[in-house]
Amino acid sequence: MPPKRNFPSIFNAIQTIWMRDRSITEVIIHISNALALMIVGHLLFTYLTAEKVIAVFNTVDSSILYYVLGGFIAQMIDGALGMAYGVTATTFLLSVGITPAAASASVHASEVFTSGVSGYMHLKFGNVNSKLFKTLVIPGVIGAILGAYLLSSLEQYAGYIKPIVSIYTLFLGAIIIRKAIIKRQEKKQLKRVGWLALFGGYLDSIGGGGWGPIVSSTLIASGRHPKYTIGSVNLTEFFVSLASSLTFFAVIGLGYLHVIIGLILGGVIAAPIAARLANKLPVKSMMILVGIVIIIVSLRQIILGVPKFL
């Protein structure tokens, strides 16, 4: 007879997991995940009724391919550079006629998935600085909510807001190029990290992207360790994107579900390709190219929006 195997009981396994020591960061993340699941579940059961889901799918046509393409391009760039998903996707959506609030809402909704996975992996690999994460998360969430609410409230002025947002994406394009060209920067001590997170979360909601380029670049330039800075900022981005998305949905609803679906599909298709190509592409040249494309598209939106102010 084969030897009898002793498997631990389910109770002992649960007890072992329950009694495991956890850091403050892990506790905050688990509590936030539970709250996020409750909120998302409430929204799903409230807004995603069978009638509304059928209505959304009835409105889906070949135009969703544009959003799949936008998600694919944005994820390819983000996979190669580790940044610029939001600004790339937002610039693309603005160029095909999506309003600023809808573009930012759609980008942040799709980013919840990608940033959640990325942040969790950084946490598992030990790339998260607990103190820095706790300093960033609350101001970042507050800034995201304020920016999303302001942009949604000014939806009737979309024609005026679009060129203003394009000025911001133009600025981000310049930051990307500068980051590629300048190898070493003078390190400066940064004391008001919370204010930086508030500002980054606010502009991230207003412009549909920029959390990473603004917060990560500033912290690394001030002398923070790149590994722990990127990990902490990536984990915080999940909460910033979630707060921004929930605020947008509460104010303008889920009228752009097909855009979100398109971005997610394009990102899912591009993710494994981007991961494989990440180590083969010339990152510096890619960053410069991406920055130039963002600047050109942003300039086009600014020129088209100038008559609104005349």
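**Exercise 1. Are phenylalanine 133 and phenylalanine 239 buried or exposed, and how are their rings arranged?**

Phenylalanine 133 and phenylalanine 239 are both buried, where buried means under 20% relative accessible area, exposed over 50% and partly exposed in between, with a 1.4 Å probe and protein chains only. A word on the source before we go on: this is a predicted model, in which local features need pLDDT of at least 70 and side-chain atom pairs count only at pLDDT 80 or more, while totals for chains, interfaces and linings use all residues. Residues are numbered from 1 along each chain as its sequence is written, and side-chain values use heavy atoms, with hydrogens and water left out.

Now for the rings. Rings of Phe, Tyr and Trp (its six-membered ring) pair if their centres lie within 6.5 Å; planes under 30 degrees apart are stacked, over 60 edge-to-face, and the rest tilted. Here the centres are 5.9 Å apart and the planes stand at 55°, so the pair of phenylalanine 133 and phenylalanine 239 is tilted. Phenylalanine 133 sits in helix H7 and phenylalanine 239 in helix H11, 106 residues apart. Helices are DSSP runs of H or I with at least four residues, numbered from the N terminus.

**Exercise 2. Which residues do ring pairs link into a cluster?**

Start with the count: the structure has two aromatic pairs. Beside the tilted one, phenylalanine 238 and phenylalanine 239 make an edge-to-face pair, with 5.1 Å from centre to centre and 80° between the planes. Phenylalanine 238 is buried, as is phenylalanine 239. Together, the ring pairs join Phe133, Phe238 and Phe239 into a cluster.

**Exercise 3. Which residues touch the most other members of the largest nonpolar core?**

First, the term: a nonpolar core is a set of buried Ala, Val, Leu, Ile, Met, Phe, Trp, Tyr and Cys residues joined through side-chain atoms within 4.5 Å. The largest one has 24 residues, and Leu136, Val215 and Leu219 touch the most other members. Helices supplying at least two residues each include H7 (130-153) and H11 (226-252), while H8 gives the most, with five residues.

Next, look at leucine 136. Leaving aside neighbours within four places in sequence, its contacts (heavy atoms within 4.5 Å) include Val193, Ala197, Val215 and Leu219.

**Exercise 4. Where is glycine 231 found, and what does it touch?**

Glycine 231 lies in helix H11. Its relative accessibility is 0%, so it counts as buried. Not counting residues up to four places away in sequence, glycine 231 touches His122, Asn127 and Val128. The C-alpha atoms of glycine 231 and glycine 119 are separated by 6.8 Å, though the two residues are 112 apart along the chain.
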